[in-house]
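Subject: Structure handover and notes

Hello,

Please find the structure below. My notes on it follow.

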Amino acid sequence: MDERQLQILRELGELGSVSAVAKALHVTPSAISQQLRLLQRSIPVPLTERAGRRVVLTEAGQALARAAIEVETALARARHTIADFAEQPDGDVSLAAFHSAASAFFPLVLRSLAGPGHPRLALADEDVAQDRFPALTREYDLVLAHRLDHGPPWPRTVTASTLLREPLDVALPTGHPLASKSLLMPHDVADQPWITVHDGFPLMTTIEAIASVANRRLDIAHRINEFAVVAEAVAAGGGLALMPRWTAREHPNLVLRPLGAVHARRHIDVLHRPERTARRAVRTVLAELHRAAAEIQSQDTHASERA
């Protein structure tokens with residue numbers, strides 16, 4: 001038995017005929033009769049009987065119709081409970097991000113969503129290979145992920161929207177001979193030692209593009225994923241590195257220079273399962289992430305204007 005069949009049985013008890021039930025539910029009498037037959041198959045005693053030309057409920061049918069009222073009431077209460085839950089402005093929302101995005105976005109959303117009446121955030125850092133980000137949407141409501149501008153799209157199992165299209169610059173120590181250049185080309189940097197991410201992470205494709213344009217294999221000296229650690233290694237003379245322009249923290253002993261002749265830009269996207277945004281609290285955090293992205297990018301614009 002299902003909810004629809006129980007509703008038909010209840011209406012039959014109240015309206016007294018199949019045709020009246022069909023009219024009330026905006027279906028054909030044959031459709032009503034078919035549902036009653038399907039319901040009867042799951043019940044060991046007769047639910048209806050003939051009374052002249054009409055079909056009426058037996059005592060067992062009347063008892064089940066009364067129970068149907070309780071079922072419908074419980075289901076309505078459950079629907080209202082779910083609706084109330086979905087519309088809670090201060091519900092719990094879990095948000096995961098890779099390290100540099102977490103450093104840039106987490107403080108902004110924590111400040112803007114502080115206090116009563118706002119979603120309750122549960123933050124986590126997840127620094128994984130690019131192909132593992134979609135799977136994180138099983139564990140978190142929202143996931144900040146990164147991929148290169150020309151990289152493959154995210155699978156259709158998740159919904160994705162882009163927060164930032166962030167340039168990747170070459171990081172050098174302040175006293176490095178190449179720091180005097182306003183734009184670096186692959187042949188300028190190809191003979192330098194490099195600090196890169198581990199295999200499977202998006203920036204490796206840009207490193208490979210630099211080597212391809214320069215027509216030489218790069219000297220990979222160190223493999224470090226965390227940009228704060230990368231910055232310290234570059235400042236100490238450990239090599240050059242690609243650094244995101246907006247989301248990496250400034251370092252007093254580093255300079256960033258744009259890279260020409262290769263496509264050096266990454267997407268910072270927010271991923272989620274489609275059903276997650278049925279909740280108002282998740283939609284609120286998603287909107288705040290987009291607002292924070294605009295703030296992050298505008299800070300770079302203001303810095304350029306001051307320069």
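How much space lies in the largest cavity? About 100 Å³. A cavity here is found on a 1 Å grid over the protein atoms alone, as a set of points where a 1.4 Å probe fits but cannot get out. Grid points are joined across faces, edges and corners, and the volume is the space filled by probe spheres set on the points. The whole structure holds 3 cavities of 30 Å³ or more. Residues lining the largest cavity, meaning those with an atom within 4 Å of a point, include F98, H146, F201, P202 and F227.

Before the rest, some bookkeeping. This is a predicted model, in which local features need pLDDT of at least 70 and side-chain atom pairs count only at pLDDT 80 or more, while totals for chains, interfaces and linings use all residues. Residues are numbered from 1 along each chain as its sequence is written, and side-chain values use heavy atoms, with hydrogens and water left out.

Aromatic pairs

The search of the whole structure gives 2 aromatic pairs. Rings of Phe, Tyr and Trp (its six-membered ring) pair if their centres lie within 6.5 Å; planes under 30 degrees apart count as stacked, over 60 as edge-to-face and the rest as tilted. F98 and F133 are edge-to-face, at 6.2 Å centre to centre with 70° between the planes. F98 sits in the loop between β3 (92-97) and α5 (99-112) and F133 in helix α6 (residues 133-136), so this pair ties together parts that are 35 residues apart in sequence. Helices (H or I, at least four residues) and strands (E, at least two) are DSSP runs, numbered from the N terminus.

F133 also pairs with W154, again edge-to-face, at 6.3 Å centre to centre and 85° between the planes. W154 lies in the loop between β5 (142-148) and β6 (159-173), so the pair with F133 of α6 joins parts that are 21 residues apart in sequence.

For F133 the relative accessible area is 0%. Buried means under 20% relative accessible area, exposed over 50%, and partly exposed in between (1.4 Å probe, protein chains only).

F133 touches, among others, E126, V143, H146 and L271, not counting residues up to four places away in sequence. Contact means heavy atoms within 4.5 Å.

Nonpolar cores

A nonpolar core is a set of buried Ala, Val, Leu, Ile, Met, Phe, Trp, Tyr and Cys residues joined through side-chain atoms within 4.5 Å. The largest has 38 residues, and F105, F133, L142, L144, L163 and L289 touch the most other members. Elements that each supply at least two residues to this core include β3, β5, β11 (265-272) and α10 (280-306). The most comes from α10, with 8 residues. L142 has contacts that include V93, L95, V270, V282 and L289, leaving aside residues up to four places away in sequence. Another core, of 37 residues, lies apart from it, with A129, I207, V230 and A264 among its members.

Helix α2

Which residues of helix α2 (residues 18-25) are buried? V18, V21, A22 and L25. They cover an arc of only 100° around the axis, which puts them on the same side of α2. The arc is that of the directions from the helix axis to the C-beta atoms. An α-helix has 3.6 residues a turn, so residues three or four places apart point the same way. The cover over the buried residues of α2 includes α1 (3-15), α3 (29-41) and β2 (54-57). Just after α2, H26 takes a positive phi of about 60°.

G200 lies in the loop between β7 (193-196) and α8 (203-214). G200 is partly exposed, with a relative accessible area of 46%. Not counting residues up to four places away in sequence, G200 touches A129 and Q130. Q130 is placed in the loop between β4 (120-125) and α6, and counts as buried at 16% relative accessibility. Beyond four places in sequence, the contacts of Q130 include W154, G200 and P202.

Regards

Notes:
1 Å grid on protein atoms, 1.4 Å probe; cavity = no way out; pocket = protein on both sides within 12 Å on 5 of 7 lines; lining within 4 Å.
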